Amino acid sequence: MPRTENDIAIVGFAQSPMLRRSEHTETEMMLSTVQGAIKEANLTKDDIGFTVSGSCDYLSGRGFSFVANVDAYGAYPPINESHVEMDGSFAMYEAFVRLLQGDIDTAVAAGVGKNSNSDPETLYTIEMDPYYLTPLGADPWSLAALQYRALLDAGKITERQVAEVVVRNRASAKDNANAQVSGDFDVDELLSADYVRDPLRRHDLPPITDGCAAVVLARGKRAYDLCERPVWITGIDHRIEPHLPTMRADITASPSTRLAAEGAGAGNGPIEVAELHAPFSFQELVLTEALGLGGDTAVNPSGGALAANPVMVTGLLRVIEAARQIAENGKHRTLAHTTSGPCLQQNLVCILEGDE
Amino acid sequence: MTDTSYDMEPFNLQFPFTRTLGSTLSTFFSALTTGQLIGVRVGGRVIAPPLEYDPETGADAGSEWVKVGPKGTVSTWTWVPQPTNLHPLRTPFAFAFITLDGADTPMIHVVDVDSPEEMERGMRVEAQFKPEGEAAGRLDDIVAFVPAEDPSPSEGAGEPYEAPADPTVESMDAFCDLTYVDNAAPPTRVWTQGLREGKLLGRTCPQCGRTFVGAIGLCCVDAIELDESLVTEMPQTGVVTNFTVITPVQYHGQQETEPFVRCSVMLDGTDAVLGQQSIVGIPASEVRVGMHVELVWKPEGERDTSEIGNGGHGSTGDTVEGWKPTGQPDEPAENYVDRMM
């Protein structure tokens with residue numbers, strides 16, 4: 001399909017090492033990553049028309065950390081900058097929309113998370129509904145386990161299938177130099193592990209990861225000026241369900257993922273690779289069903305969120321991994337997905353395509 | 001493995017706060033203190049506990065209150081083998097989706113049984129309330145759900161609930177308690193070691209020539225790393241570029257009793273200020289912008305850098321007494337503008 005000036009492509013990306021504990025601050029992680037992505041796109045910081053990042057002060061425990069992070073952009077003379085308290089993939093969505101205004105033709109979007117400073121079990125419990133969930137200490141593991149149990153009771157999945165998801169992702173992650181968790185594991189051995197929250201086992205949980213990722217977007221023919229094989233974002237959509245998991249009509253399905261996929265035009269062609277943001281192993285099966293993915297689609301060749309889970313970055317990593325399949329591995333059409341909130345509350349689907 | 005050798009002291013972020021409830025939640029929590037659970041009828045179904053809006057449509061949920069529970073049915077559950085201090089029970093328990101009799105949507109609460117073997121989908125449970133007088137208008141006024149002795153439907157569930165004109169509960173107390181353990185980033189380690197040795201260290205950007213002082217390892221103008229090969233010792237004299245006089249109000253931890261100065265000091269020959277600095281030797285009323293000052297260190301054994309985090313680039317922590325005027329004529333403003341603040 002011929003590209004127009006309204007088409008927007010990923011023309012460069014970069015990520016920091018994914019570590020259980022980085023010695024660096026968010027700003028330092030961003031400096032090398034953001035500037036690395038800009039360099040990858042054969043640009044300099046002064047060429048960028050719009051900059052946006054996703055991060056959360058409560059992760060590092062440093063108030064206004066997103067302001068300090070602006071140092072990583074070289075924001076003098078002043079730049080056009082924005083921030084979302086969400087995953088970097090939502091920042092990329094904002095950059096995408098900003099580019100559609102047509103007055104600029106490049107943008108950079110980043111996500112950064114210094115997750116090791118805080119305790120996710122406490123932090124995310126405090127982030128839940130303050131009236132009906134937080135007073136009960138409804139922690140993220142428990143909420144995920146309630147969803148997992150509902151899937152088992154509905155006969156939609158089995159614990160063995162879920163263990164197979166873990167084995168496959170960890171094995172795939174062996175080829176991912178940035179993976180934090182990888183290796184060969186045995187399904188029966190995994191199934192013999194104790195429950196953290198019945199039926200969730202420790203290996204069903206994502207690791208705690210410090211990291212950063214960034215993408216550079218370009219609009220129209222500028223994309224061809226900057227890179228040989230632009231990765232076109234042909235569709236992107238974000239849908240949200242009620243924040244209380246108890247208010248969902250069916251906790252075992254993900255209608256917002258399905259709607260986002262429809263909105264992004266996922267069904268307009270075959271999907272060779274899908275990079276899915278499933279923080280808890282079993283959620284990959286929910287997403288696969290919601291997206292209607294079959295055996296022709298390779299799911300999470302990077303190892304997914306089970307290989308590295310820098311909160312605020314994991315979704316943007318899915319975009320980068322799906323883009324890498326087109327930019328470097330000769331694929332033509334891939335899908336990237338991000339989730340946010342308890343029990344797959346929010347879902348973003350992005351369709352990426354390379355030229356024939 | 002996690003390298004913990006640069007970990008700082010844990011930082012405990014604690015603060016109490018009060019949330020107002022609004023009319024819908026006030027009605028629910030007021031009823032709860034009397035042992036009555038309620039929902040709201042909206043869009044042809046009963047949502048319990050109630051919300052102000054219909055999550056399906058966003059429409060105002062109104063105030064058609066309905067009595068629900070105290071018995072209900074479990075639709076999914078999980079087991080918490082090691083409760084934390086955030087959980088309402090100290091012994092292992094279950095979280096469950098419980099659809100109260102008379103309601104069409106479940107709520108999340110805890111079920112107090114001895115083992116996960118006692119939990120199953122479809123089991124009938126019953127709310128156990130705090131004794132009268134102890135209820136605070138919080139969801140944990142329900143101590144826990146327990147298996148229902150009599151599984152038959154709750155009496156009165158589904159009947160209309162007449163809310164009193166004035167709710168007794170209109171706010172909810174909450175407490176934030178988060179613990180952080182940051183680690184000293186490489187530039188912070190270099191800077192704090194310098195302070196302990198009585199040195200102010202800076203780095204000059206090879207691209208723009210600006211000199212940055214403090215726990216900083218990058219040029220925020222050119223967006224490039226300034227590595228440790230660029231570290232040099234800075235002069236310990238400078239100019240006050242800005243200041244404020246603070247009249248202390250007494251709060252927990254405040255040690256000042258008299259008005260005091262906090263100022264920014266631009267070291268001679270540098271381009272980024274040291275913030276939050278103290279002035280010694282003259283009264284607060286005599287501090288001026290443009291005043292030349294020199295550093296007065298604390299004795300070597302008394303220099304404490306433990307309070308210096310990665311955020312305060314120029315912070316000197318508890319290593320200096322402050323800055324005393326040198327007596328030189330004040331510096332004209334045009335000589336210290338266009339710098340990093």
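The model is predicted. The contact between the chains takes 47 residues from chain A and 51 residues from chain B. Chain B is divided into two domains, domain 1 and domain 2. In chain A, helix H4 and helix H13 cross at roughly 65°.

**Contact between chains A and B**

- Chain A puts 47 residues into the contact, and chain B puts in 51 residues.
- On the side of chain A that touches chain B, the elements giving two or more residues are helix H1 (26-40), helix H5 (120-126), helix H6 (140-153) and strand S5 (195-197) of chain A.
- H6(A) gives the most to this side, with six residues.
- By class, the side of chain A that touches chain B holds 20 nonpolar, 14 polar and 13 charged residues.

**Domains of chain B**

- Domain 1 of chain B runs over 11-177, and domain 2 of chain B over 186-335.
- Their C-alpha centres lie 54 Å apart.

**Helices H4 and H13 of chain A**

- Two packed helices are described by the angle between their axes and the distance between the axes.
- Helix H4 (residues 88-100) of chain A and helix H13 (residues 314-327) of chain A have axes that come within 5 Å and cross at roughly 65°.
- H4(A) is therefore roughly perpendicular to H13(A), since angles of 65 to 115 degrees count as such.
- From H4(A), Gly88(A), Ser89(A) and Met92(A) take part. They meet Gly315(A), Leu316(A) and Val319(A) in H13(A).
- By class, this contact of H4(A) with H13(A) has three nonpolar, three polar and no charged residues.

**Helix H7 of chain A**

- Helix H7 (residues 159-172) of chain A has 14 residues, so at 1.5 Å a residue it should span 20 Å. The end C-alpha atoms of H7(A) are 20 Å apart, which agrees.
- Buried residues in H7(A) are Val162(A), Ala163(A), Val165(A), Val166(A), Arg168(A), Asn169(A), Arg170(A) and Ser172(A).
- Their cover includes helix H8 (187-191), helix H11 (283-291) and helix H12 (304-307) of chain A.

**Glu284 of chain A**

- Glu284(A) sits in helix H11 of chain A.
- Glu284(A) counts as buried because it has 26 C-beta neighbours inside 10 Å, and the cut-off is 20 or more.
- Leaving aside neighbours within four places in sequence, Glu284(A) is in contact with Val165(A), Leu276(A), Ala278(A), Val299(A), Asn300(A) and Gly304(A).
- Gly304(A) is 20 residues from Glu284(A) along the chain, and their C-alpha atoms are separated by 9.3 Å.

Terms used
Residues are numbered from 1 along each chain as its sequence is written. Chains are lettered from A and ligands numbered from 1 in the order in which they are written. This is a predicted model: local features need pLDDT of at least 70, side-chain atom pairs count only at pLDDT 80 or more; totals for chains, interfaces and linings use all residues. Domain bounds come from an automatic or database domain assignment. Axes are lines fitted to C-alpha atoms, for helices over the stretch in contact, and angles run from 0 to 180 degrees between N-to-C directions. Helices (H or I, at least four residues) and strands (E, at least two) are DSSP runs, numbered from the N terminus. Angles under 35 degrees count as roughly parallel, over 145 as roughly antiparallel, 65 to 115 as roughly perpendicular and the rest as oblique. Two residues are in contact if their C-beta atoms, placed from the backbone, lie within 7 Å. Ala, Val, Leu, Ile, Met, Phe, Trp, Tyr, Cys and Pro count as nonpolar, Asp, Glu, Lys and Arg as charged, and the others, Gly among them, as polar. The expected span of a helix is 1.5 Å times one less than its number of residues. A residue is buried if 20 or more other C-beta atoms lie within 10 Å of its own, exposed if 12 or fewer, and partly exposed in between; C-beta atoms are placed from the backbone.
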